[in-house]
Amino acid sequence: MDGGKRYDEAVAICPEPLRGCLTALPEQEKERVQEVRLRAGRPVVLTTPAGPRLLTEKRPGGRAVVCSYECLEQTLRAACGYSVHTHQQEVAQGFITIRGGHRVGLAGRAVEKEGRVCGMKEISSLNIRVARQIFGSADGLLAAARQGGVLLCGPPGSGKTTLLRDLARQLAGSATTPGEAVTLLDERGELAAEWDGQPQNDVGVHTDVLTGFGKAEGMERAIRTLSPRVVVCDEIGSEEEAE
């Protein structure tokens, strides 16, 4: 799927007329958008490699498009498949992964129970991160990955997930040239973006995907049951995961 279609897929959760303004962008611009930031009562901001810019109305000289609270709420409900209560665990972690592997980050008021955050309410902003596949982006890492462990580091939006996804794909091989047995720990559902048991992204033919498992449990389960030659996991967020 090309960059423009990926973008359209990510913003499909937005209601009209906002969705119409977002999808009216020229294809070349769609391919450059990395994030769509929705904040209640404020202008919609598009993040691109050149920096942020405001989304404007489709007509020439149009004003900046403002996201209402109702629009924000409808987008959140759509991201949750119109069943917010079934996504409470993800909401508590501050994100929801939608079909295609696009991640929707949330900001709002924490709900605490016994000193721990167990949810979020009064959602005030959403950040839709467009997931993309860039085939061949991991070419320069392939030799190093076959020799030993690889740790990818970089600031948000620098392409770590895109690079990791392509590295897994190349290590696991294609239909004509199977590679290593790879287990992909996709805790946040971004890398393979499984939907009804089928990866929405190409992560290689010799890849087993564990979605939603924590790092420690997932790695132990993978090694005990799937006999991988390579284990790939998404971002490390705690000392326990690092260990």
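This is a predicted model: local features need pLDDT of at least 70, side-chain atom pairs count only at pLDDT 80 or more; totals for chains, interfaces and linings use all residues.
Residues are numbered from 1 along each chain as its sequence is written, and side-chain values use heavy atoms, with hydrogens and water left out.

**Overall build**

- The protein chain contains nine helices and 13 strands, taken as DSSP runs numbered from the N terminus (helices H or I, at least four residues; strands E, at least two).
- Its radius of gyration is 19 Å, close to the 18 Å that the globule rule gives for 243 residues, so the protein chain is as compact as a globular protein of that length. The radius is taken over C-alpha atoms, and the rule is 2.2 Å times the number of residues to the power 0.38.
- The C-alpha trace spans about 55 × 50 × 30 Å along its principal axes.
- Of the 243 residues, 41% count as buried (buried is under 20% relative accessible area, exposed over 50%, partly exposed in between; 1.4 Å probe, protein chains only).
- Among contacts between residues at least 6 apart in sequence, 57% join residues at least 24 apart, a contact being heavy atoms within 4.5 Å.

- Strand β7 (residues 103–113) runs antiparallel to β6 (residues 95–97), and three bridges join them; two strands pair if DSSP finds at least two bridges between them.
- Ile96 has Val104 of β7 as its bridge partner.
- Five residues lie between the strands in the hairpin of β6 and β7, where Gly100 takes a positive phi near 100°.
- β7 is also antiparallel to β8 (residues 116–129), with 10 bridges joining the two.
- Ala107 is the bridge partner of Ser125 in β8.
- The hairpin of β7 and β8 has two residues between the strands, and Glu114 there takes a positive phi near 55°.

**Backbone exceptions in loops**

- Most residues other than glycine have a negative phi, and most peptide bonds are trans.
- The peptide bond from Glu16 to Pro17 is cis, with omega near 5°. Pro17 is placed in the loop between α1 (3–11) and α2 (18–23).
- Tyr82, which is not a glycine, has a positive phi of about 60°. Tyr82 belongs to the loop between α4 (69–79) and α5 (88–93), and counts as exposed at 64% relative accessibility.
- Ala193 also is a residue other than glycine with a positive phi, here near 55°. The loop between β9 (182–186) and β10 (194–195) holds Ala193, which is buried at a relative accessible area of 3%.

**Largest pocket**

- The largest pocket has a volume of about 710 Å³. A pocket is an open set of points on a 1 Å grid over the protein atoms alone, where a 1.4 Å probe fits, with protein on both sides within 12 Å along at least five of seven lines. Points are joined across faces, edges and corners, and the volume is the space filled by probe spheres set on them.
- Its lining comprises 26 residues, of which Val150, Leu151, Leu152, Leu164 and Cys233 lie nearest the centre; lining residues have an atom within 4 Å of a point.
- The elements giving two or more residues to this lining are α6 (142–147), α7 (160–172) and β13 (230–233). α7 gives the most, with five residues.
- By class, the lining has 14 nonpolar, three polar and nine charged residues. Ala, Val, Leu, Ile, Met, Phe, Trp, Tyr, Cys and Pro count as nonpolar, Asp, Glu, Lys and Arg as charged, and the others, Gly among them, as polar.
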